Amino acid sequence: MTGSLSAVGYGLAAIGPGIGVGIIFASYIQSTARQPESGRITLPFVWIGFAVVEALALFGIAFGFVFGA
Amino acid sequence: MHSLVIVPARDDLPFPPTVEEFFPPALVDGTYPWLTKFTLLVWIAVGLLIVFFLVAYRNPKMVPSRGQWMAESIYGFSRENIAKEMIGHEGVKFAPYFTTLFCFILLTNLFSIIPGIQISPSAHIAIPVMLAVISYVMFNYVGIRRHGFGKYMKLSLVPPAPWFIQPILIPIEFFSTFIVRPVTLSVRLFANMFAGHMILLVFSLGGFALLGANSWFIKPISLLSWALAIALTFLEALVIVLQAYVFVVLTSSYVSGALAEEH
């Protein structure tokens with residue numbers, strides 16, 4: 001069997017951001033269900049939070065190639 | 001029967017795809033870094049945007065034509081939903097920059113799913129880095145001009161906390177504001193486009209690899225692989241719009257942070 005362990009490493013590294021992004025959208029859905037008129041106000045913060053958390057997963061992809069070579 | 005289907009020979013199939021895919025050769029011999037697919041696409045994107053907005057606003061009417069309506073709604077979106085919402089009333093003066101940034105990123109990203117082009121210039125780190133540097137210089141310049149250098153540094157580096165905790169907090173704030181921000185801004189766009197292109201390559205080339213397999217039980221799985229490639233193209237379309245939006249929203253949030261009076 002051949003291949004690179006960095007693929008496994010990336011899979012492990014993506015767990016954290018996966019949970020984080022899930023929490024962000026869950027909180028948004030919950031807050032909008034409780035107070036529907038706040039949906040538009042909180043939406044930009046949802047995307048900012050999503051982007052900040054997602055960056056961690058994307059670092060995994062980039063560094064997997066940078067340091068894997 | 002076999003010869004009816006054009007299948008690349010197994011040995012010259014570039015599977016699994018490597019990073020080499022992101023370094024296309026020069027279009028004309030001897031012009032390597034200056035005239036590749038990426039530079040050509042960037043020039044095309046810039047030209048298309050200039051022509052589109054000039055044509056759309058050449059003859060403005062009260063009842064807009066379709067082109068004028070499109071241009072106005074893109075500008076209106078950046079102005080009302082991004083600039084005003086994130087920065088407040090004085091954000092209007094940044095709306096032209098946000099519109100340009102949004103349109104440029106959206107268009108260059110769109111190249112990654114247009115058949116025949118299939119790769120985005122943003123999948124090369126140089127272009128997101130340049131865009132992030134522009135945003136970085138802009139939000140720092142705006143903040144320094146508003147508060148003066150000393151006060152801007154104090155506002156962005158010294159959080160309201162007891163004095164004995166400051167030696168820990170100030171390096172963290174410096175690291176997060178002046179180093180992490182531009183790096184994440186560029187790496188986010190780059191890695192999204194890079195990963196998107198890589199995933200599409202894996203599934204479309206993987207289909208050929210499965211079709212070229214020796215066993216007849218494995219060959220039909222290539223259809224599944226291509227179906228996934230098509231489905232992931234739609235996911236990629238979502239990511240494209242989202243990343244253009246996120247880049248602009250984060251830039252505007254940094255600008256609003258630089259302009260804010262309190263920490």
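How much area do chain A and chain B bury between them? The legends below take up this predicted model.

**Figure 1. The interface of chain A and chain B.** About 1,400 Å² is buried between the two chains, 79% of it on carbon and sulfur atoms; buried area is the accessible area (1.4 Å probe) that two parts lose on being put together, summed over both. In contact (heavy atoms within 4.5 Å) are 14 residues of chain A and 20 residues of chain B.

**Figure 2. A salt bridge between A:Arg40 and B:Glu85.** The N to O distance between these side chains is 3.4 Å. One salt bridge is found across the interface of chain A and chain B, the term standing for a side-chain nitrogen of Lys or Arg within 4 Å of a carboxyl oxygen of Asp or Glu.

Figure 3. Over residues 1-5 of chain B, pLDDT stays under 50, and the model has three contacts beyond four places in sequence for them. pLDDT is the predictor's confidence in each residue, from 0 to 100. Where it is low, the predicted coordinates should not be read in detail. Chain B averages a pLDDT of 89, with 95% of the residues scoring at least 70. For the complex, the predictor gives an ipTM of 0.85 and a pTM of 0.89.

**Notes.** Residues are numbered from 1 along each chain as its sequence is written, and chains are lettered from A in the order in which they are written. Local features need pLDDT of at least 70, side-chain atom pairs count only at pLDDT 80 or more, totals for chains, interfaces and linings use all residues, and side-chain values use heavy atoms, with hydrogens and water left out.
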